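Welcome, and please open the model in your viewer. We will go from one selection to the next, starting with a single residue and ending with the whole chain.

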Amino acid sequence: MMNEKQVPIEDLRAAVQEILYTVSGAYCSEFWDGMREVCDDLDNVKAIKKTIELLHTSGHDKEAFQLILAQYDLIALEIPEAVREIEPYEEATSIFIAEFIEDSIDLMYDYEAEKEETMPAWN
């Protein structure tokens, strides 16, 4: 019989995943906003996003995570402690990277829309 204080491993795994989703959502926007500030144009930001995606899809989540951490230095933002704490855990890193990419998709659409709004009309 399970002790009342014991939580099934599946419940713990789901809770950890939810925390990783929250961490990604909390820091994704500020990361990409910072990238937009230092990059010449949106195409450069998209190239970095694409690189993270390619690393992830080819099974190189650790390298994708390291790229994100390196970009924090580039945009002069301190790496959030919640993000840094993920680094030693391979499975957590993979979950975080997948969610970070997912969170980035809507942001890129928003950035594209903003770009189109600020383009001059050539009438």
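Start by selecting Glu-53. Is Glu-53 buried or exposed? In this predicted model, Glu-53 has a relative accessibility of 18%, and because the cut-off for buried is under 20%, Glu-53 counts as buried.

Now show the side chain of Lys-49 as well. The side chains of Lys-49 and Glu-53 make a polar contact, at 2.3 Å.

Confidence in the protein is highest in H2, with a mean of 96. For the other end of the scale, color residues 9-38: that is helix H1, where confidence is lowest, at a mean of 83.

To see which residues make the contact, pick Ile-48, Thr-51, Ile-52, Leu-55 and His-56 on the H2 side. The crossing of H2 past H3 is left-handed.

Finally, zoom out to the whole protein. You will find 5 helices and 0 strands. Of its 123 residues, 32% are buried. Among contacts with a separation of 6 or more, 70% come from residues 24 or more positions apart. Color by confidence to finish: the mean pLDDT is 86, and 85% of the residues reach 70 or more.

Methods: Residues are numbered from 1 along each chain as its sequence is written. This is a predicted model: local features need pLDDT of at least 70, side-chain atom pairs count only at pLDDT 80 or more; totals for chains, interfaces and linings use all residues. Side-chain values use heavy atoms; hydrogens and water are left out. Buried means under 20% relative accessible area, exposed over 50%, partly exposed in between (1.4 Å probe, protein chains only). A polar contact is a pair of N or O atoms within 3.5 Å; within protein, one must be able to donate a hydrogen and the other to accept it, and residues adjacent in sequence count only if both atoms are side-chain atoms. pLDDT is the predictor's confidence in each residue, from 0 to 100. Helices (H or I, at least four residues) and strands (E, at least two) are DSSP runs, numbered from the N terminus. A crossing is left-handed if the near helix is turned anticlockwise from the far one by less than a right angle, and right-handed if clockwise. Contact means heavy atoms within 4.5 Å.
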